[in-house]
Amino acid sequence: MATKVSPSLLAADFLNLGKEIEMINTSEADWLHLDIMDGMFVPNISFGFSVLEALPKVLQKPMDVHFMIMHPEDYIERTARLGAMSMNVHVEACGEKTAEVLEKITAAGMKAAVTVSPDTPIEAVRPYLNKVHMVLIMGVHPGFGGQKFIPATLDRVRELKNIIEETGENVLIQVDGGVDSVTAPELVAAGCDVLVSGSYVFKANDPYATIRQLRSL
């Protein structure tokens with residue numbers, strides 16, 4: 001199976017968003033990764049529903065929506081109405097409500113996914129593997145694009161791969177943060193199925209070739 005690539009809109013040129021979306025549409029990108037930040041769960045604010053609601057009019061790729069916010073459950077129905085393929089929530093933000101939130105996402109017609117931040121043990125997602133199609137491991141501390149990759153992420157991917165195999169669940173492993181020409185092959189070798197890449201794709205001289213190269217890993 002080819003590695004899936006989900007370029008992160010966070011790194012796009014927002015003054016030329018239409019052009020950036022056209023690049024995604026005509027590229028080999030599998031999905032478009034959308035990071036929603038609220039300034040509370042993470043120390044930054046990105047974009048919100050005004051951008052999300054405009055996208056389906058022009059975007060031809062599935063929306064891979066990643067909520068880095070407190071109370072993501074408040075936005076499940078609204079996200080589903082946009083036709084998002086996947087809604088991803090942080091285990092740290094949902095806490096004891098994680099299972100319930102994931103079930104509501106699935107009931108709303110989307111694929112449920114869960115994210116684990118660098119300081120949270122991988123074991124924290126084990127109870128939810130039967131409720132998700134994907135686990136996202138952050139390769140940087142959530143909140144800002146363009147950060148340096150945390151090397152321990154590779155061991156975390158291997159650990160999660162082992163847990164998934166142990167449980168027999170069919171779950172994709174996605175990594176977001178610091179994905180580039182050096183880290184991407186290492187991540188795929190460790191067991192990563194889906195690469196989220198922001199700056200490396202959108203700031204590339206040839207984004208098409210960069211996406212193709214990531215997919216070929």
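Glu-103 is partly exposed, with 44% relative accessible area (partly exposed lies between buried, under 20%, and exposed, over 50%, using a 1.4 Å probe and protein chains only). This is a predicted model, where local features need pLDDT of at least 70, side-chain atom pairs count only at pLDDT 80 or more, and totals for chains, interfaces and linings use all residues. Numbering starts from 1 along each chain as its sequence is written, and side-chain values use heavy atoms, leaving out hydrogens and water.

**Salt bridges**
- Searching the whole structure turns up 10 salt bridges (a Lys or Arg side-chain nitrogen within 4 Å of an Asp or Glu carboxyl oxygen).
- Glu-103 pairs up with Lys-131 at 2.7 Å, N to O.
- That pair ties helix H5 to the loop between strands E5 and E6, 28 residues apart (helices, H or I, are DSSP runs of at least four residues and strands, E, of at least two, numbered from the N terminus).
- Lys-131 is partly exposed too, at 26%.
- Glu-166 and Arg-126 meet at 3.0 Å, N to O.
- Here Glu-166 sits in helix H6 and Arg-126 in the loop between E5 and E6, 40 residues apart.
- Glu-166 is exposed at 58%, while Arg-126 is partly exposed at 28%.

**The Arg-215 end**
- Arg-215 bridges to Glu-28, with the closest N and O atoms 3.9 Å apart.
- The two are 187 residues apart, with Arg-215 in helix H9 and Glu-28 in the loop between H1 and strand E2.
- Arg-215 is partly exposed at 23%, and Glu-28 is as well, at 35%.
- A salt-bridge network links Glu-28, Asp-30, Arg-212 and Arg-215.
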